[in-house]
Amino acid sequence: MQIGYVRSAVVLGLLAAVGPFAIDLYLPAVGEIVDSLETTDAAVHMTFTVYFIAFGFAQLIYGPLADRFGRKPPVFLGLAVFILGSFLCATAADVSALTLGRFVQALGAAAPMVIVRAVVRDLHTGTEATRLMALIMLVFSVSPMLAPLTGSLIIEFGSWRLIFIALGIIALAAVMQMAILLPETLPKEQRAKIDPTAMIRSAVYLLKDVKFMGLTLIGGFSLASFFVFIAAAPLVYMTQYGLSPMGFSLVFALNAVGFFASSQFAAMLGQRFGMARVALLAVIGFAASTSLLTLLVWSGIDDLPVLMALFFIGNSCLGQVIAPVMVMALEDHGEHAGMASSLGGTFQMVAGGVMILICSPFFDRTALPLTGAVAACALIALAIALVTLRPQPQGRTAA
């Protein structure tokens, strides 16, 4: 089935943005939430950890559902759960209730992310899939660029609770545009019955695939660096550097601009040089820039412009990593697209949640733990990439 690139990118990009919007929208309100619920930084960081881990494991459910019932019904189910979670967050009386609400939100938010990757695989493969994924990321980029700014405006005029009401409205809008603008991309004759034994076999097959796992973990730890940044950066920028919620939102948007602007060249560069080579060089650049930043901050050179410049460079490199490794991971697994998408998403999100959990005790509202945690994720991704993406014999590269 062929659907126009632009329409596909708009619908899928906005759909994919629902889950990340639920992360980015309330970043400027982290400090206010700590004060309002009379809790600690670590307790609020746990709302991120729970979100990422629940988001990751929930994808194992939606992948098989997408292969059995088509791509659209699981999205409608997931967004309904997401709306329920948003209500729980908006009415939370303490941080435990907020954490529960975030857990429910994440269970629903996982559906759009799984289905977007599966739909891309339904429609295209190779560099064409990378091109569509890059266009989706362009639309998707409204989330990290506009969500914190929107969240800042909301808390300027009202309570942080309004942020979660807004998220419920956004999810409802996503349901409507999905129902109207995107046709079903998995024909009935290609749908598979839910067979637990077959699911286990499919999962085991993918877990034994070294290339699939390597690519998945490269993407996972690369994204984990961004998730760690998301969890720690608001309090670092607003405490150590004295930025307002709006000021932090603008700095955060700069990183997003670097990431998504760079991602638009992924398909072109992948077609010319090979996706594996582009991704490997990008991971090297990402690890180098974040490691340099950590060394500078450790030596006392921790001025805000230094952080802004090197995080911008690092995230620009990161933009050349995510789309290619996602496409390469699914490339050879069309018959397992739903399970591959689910497993890939699970490992990526859980990696983020676990890294936040590990690093959270070290976060003290200063820059060094933040930059060190980001660099650690980048170096782990680099170590895996050096094995997974190394040049093939006879000068061939994985594509």
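The model is predicted, so local features need pLDDT of at least 70 and side-chain atom pairs count only at pLDDT 80 or more, while totals for chains, interfaces and linings use all residues. Residues are numbered from 1 along each chain as its sequence is written, and side-chain values use heavy atoms, with hydrogens and water left out.

Keep the whole chain selected and display its surface. The accessible surface comes to about 15200 Å², of which 71% belongs to carbon and sulfur atoms; such areas come from the Shrake-Rupley method with a 1.4 Å probe. Of the 399 residues, 60% count as buried, a term for under 20% relative accessible area, with exposed meaning over 50% and partly exposed in between. Contact means heavy atoms within 4.5 Å. Among contacts between residues at least 6 apart in sequence, 87% join residues at least 24 apart.

**First stop: Pro-28**

Select Pro-28, in the loop between helix H2 (18-24) and helix H3 (30-36). Pro-28 is buried, with a relative accessible area of 3%. Apart from neighbours within four places in sequence, its contacts include Pro-148, Gly-151, Ile-155 and Met-238.

**Second stop: H4 and H11**

Leu-235 also takes part in the contact between H4 and H11. Select helix H4 (41-69) and helix H11 (residues 210-239). Their axes, which are lines fitted to C-alpha atoms over the stretch in contact, come within 11 Å and cross at roughly 155°. H4 is therefore roughly antiparallel to H11, the term for angles over 145 degrees. The crossing is right-handed, meaning that the near helix is turned clockwise from the far one by less than a right angle. Asp-41, His-45, Phe-48 and Phe-52 of H4 meet Phe-227, Ile-230, Ala-231, Ala-232 and Leu-235 of H11. These residues divide into seven nonpolar, one polar and one charged.

Select Glu-38, in the loop between H3 and H4. Is Glu-38 buried or exposed? Glu-38 is exposed, with a relative accessible area of 75%. Its phi is near 50°, a positive value in a residue other than glycine. Next select Arg-365, in the loop between helix H17 (337-359) and helix H18 (367-388). Arg-365 has a positive phi of about 70° although it is not a glycine, and it counts as partly exposed at 29% relative accessibility.

**Last stop: H14 and H15**

Select helix H14 (residues 275-298) and helix H15 (residues 304-318), whose axes come within 7 Å and cross at roughly 165°. H14 is thus roughly antiparallel to H15. H14 passes H15 in a left-handed crossing. Show the side chains where they meet: among them are Phe-286, Leu-293 and Leu-296 in H14, and Leu-307, Phe-311 and Ile-313 in H15. By class, this contact has 13 nonpolar, three polar and no charged residues.

Finally, select Ser-316 in H15. Ser-316 is buried, with a relative accessible area of 17%. Leaving aside neighbours within four places in sequence, Ser-316 is in contact with Gly-258, Phe-259 and Ser-262.

Terms used:
Axes are lines fitted to C-alpha atoms, for helices over the stretch in contact, and angles run from 0 to 180 degrees between N-to-C directions. Helices (H or I, at least four residues) and strands (E, at least two) are DSSP runs, numbered from the N terminus. Angles under 35 degrees count as roughly parallel, over 145 as roughly antiparallel, 65 to 115 as roughly perpendicular and the rest as oblique. Ala, Val, Leu, Ile, Met, Phe, Trp, Tyr, Cys and Pro count as nonpolar, Asp, Glu, Lys and Arg as charged, and the others, Gly among them, as polar. Buried means under 20% relative accessible area, exposed over 50%, partly exposed in between (1.4 Å probe, protein chains only).
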